[in-house]
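Biologist: Can you walk me through this model? I'd like to start with the charged pairs.

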Amino acid sequence: MSTWQDKTILITGASSGIGAAAARLMARQGALVLLVARRAEALAALQQDILELGGRAAVYPADLSTSAGVEALADQVLLDHPHIDVLINNAGRSIRREVRESLQRPHDFERTMALNYHAAVRLCLRLLPDMLARNSGQIINVSSQSTQLPMPRYAAYVASKSALEGFSRSLTAELATTGVAVTVVKFPLVRTPMSTATSIYRRLPMLTPEEAAGWLVHAVNKRPARLSTSGGRLWELSTAAAPGLTSALTGRLAKVVTRRLSKQAP
């Protein structure tokens, strides 16, 4: 029996995009995939696809934007399965809005933080005890290349992902002497319903969901502390060395690109 056939993998945000593509790919590898998202019908359709291909999948509709929803999910999953080998915190919310436009909208930040950070942390806290008891397991926290550069109009999103990365770094250090790995995946733009909701981005180069799913399979196979692009790492180093300069340049560049894409948009 292969190591993939031994794995039970919980994937949040599994109803579409990266999560759905990863579920299909990991099920083909032999893993039992636990599909988590709000949309029960979409999860059921994905489960049927996986079963028809000879894979294994279970469906867990849940609203992870509330603490009660996360706790109910964790209770049921831990009741149904003897152990979870890999937790993939993929579910996310993005808001494209300048801070100046959110002065009377603190909920922009609260809602984004609730799903992108608090839900992921809660799931980690609930699933970690068994992983530690078995001295085996992996937590994969999906982040974004936008945390590596000063990104205008995405303060709420970048802040939530940066918080998740900070949590992940501390957790990685704490678990260094255990068999539990923590991986942060910093995706560039991926062509998903969330990214293409902003029309001007549809003309930018993006990964396909299947390509992004390949990153997650690599993360499970190799268990690195971080996955990101070389361009993202270079920009991160530049920002660390000259934050004022790179922030100014990024802001100006973003305005130029936005204007050009807006003119090209149908």
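Biologist: How many salt bridges does the count come to?
Modeller: Twelve salt bridges. The rule asks for a side-chain nitrogen of Lys or Arg within 4 Å of a carboxyl oxygen of Asp or Glu. This is a predicted model, so local features need pLDDT of at least 70 and side-chain atom pairs count only at pLDDT 80 or more, while totals for chains, interfaces and linings use all residues. Residues are numbered from 1 along each chain as its sequence is written, and side-chain values use heavy atoms, with hydrogens and water left out.

Biologist: Which residue does aspartate 108 form a salt bridge with?
Modeller: Arginine 97, with the closest N and O atoms 2.8 Å apart. Helices (H or I, at least four residues) and strands (E, at least two) are DSSP runs, numbered from the N terminus.

Biologist: Is aspartate 108 buried or exposed?
Modeller: Buried, because its relative accessibility is 2%. Arginine 97 counts as partly exposed at 26%. Buried means under 20% relative accessible area, exposed over 50%, and partly exposed in between (1.4 Å probe, protein chains only).

Biologist: What about glutamate 165, which side chain does it meet in a salt bridge?
Modeller: Lysine 186, at 2.5 Å, N to O. That pair also links distant parts of the chain, 21 residues apart: glutamate 165 sits in helix H5, lysine 186 in strand E6 (residues 180-187). Glutamate 165 is buried at 7% relative accessibility. Lysine 186 is buried too, at 1%.

Biologist: Which residues are joined into one network by shared partners?
Modeller: Glu71, Asp75, Arg122 and Arg126, through salt bridges that share partners.

Biologist: Switching to the surface. Which residues form a nonpolar patch there?
Modeller: Val99, Leu103 and Phe109, with about 270 Å² of accessible area together. Patch members have over 30% relative accessible area and no salt bridge; like charges are joined within 9 Å, nonpolar side chains (Val, Leu, Ile, Met, Phe, Trp, Tyr) within 5 Å. Areas come from the Shrake-Rupley method with a 1.4 Å probe, and for residues only the protein chains shown count as cover.

Biologist: Where is leucine 103 found?
Modeller: In the loop between E4 and H4. Leucine 103 counts as exposed, because its relative accessibility is 60%.

Biologist: On to H1. How many of its 13 residues are buried?
Modeller: Ten, so H1 is largely enclosed by the rest of the structure. Among them are Gly17, Ile18, Leu25 and Met26.

Biologist: And what should helix H1 span?
Modeller: Helix H1 (residues 17-29) should span 18 Å, and its end C-alpha atoms are 19 Å apart, which agrees. The expected span is 1.5 Å times one less than the number of residues. Just after H1, glycine 30 takes a positive phi of about 115°.

Biologist: Last topic, the sheet. What is the strand order?
Modeller: E3-E2-E1-E4-E5-E6-E7, an open sheet of seven strands with parallel pairing. The edge strands, E3 (56-61) and E7 (226-227), each pair on one side only. Two strands pair if DSSP finds at least two bridges between them.

Biologist: How many bridges join E4 to E5?
Modeller: Four, and the two strands run parallel. Valine 86 stands opposite glutamine 138 in E5.
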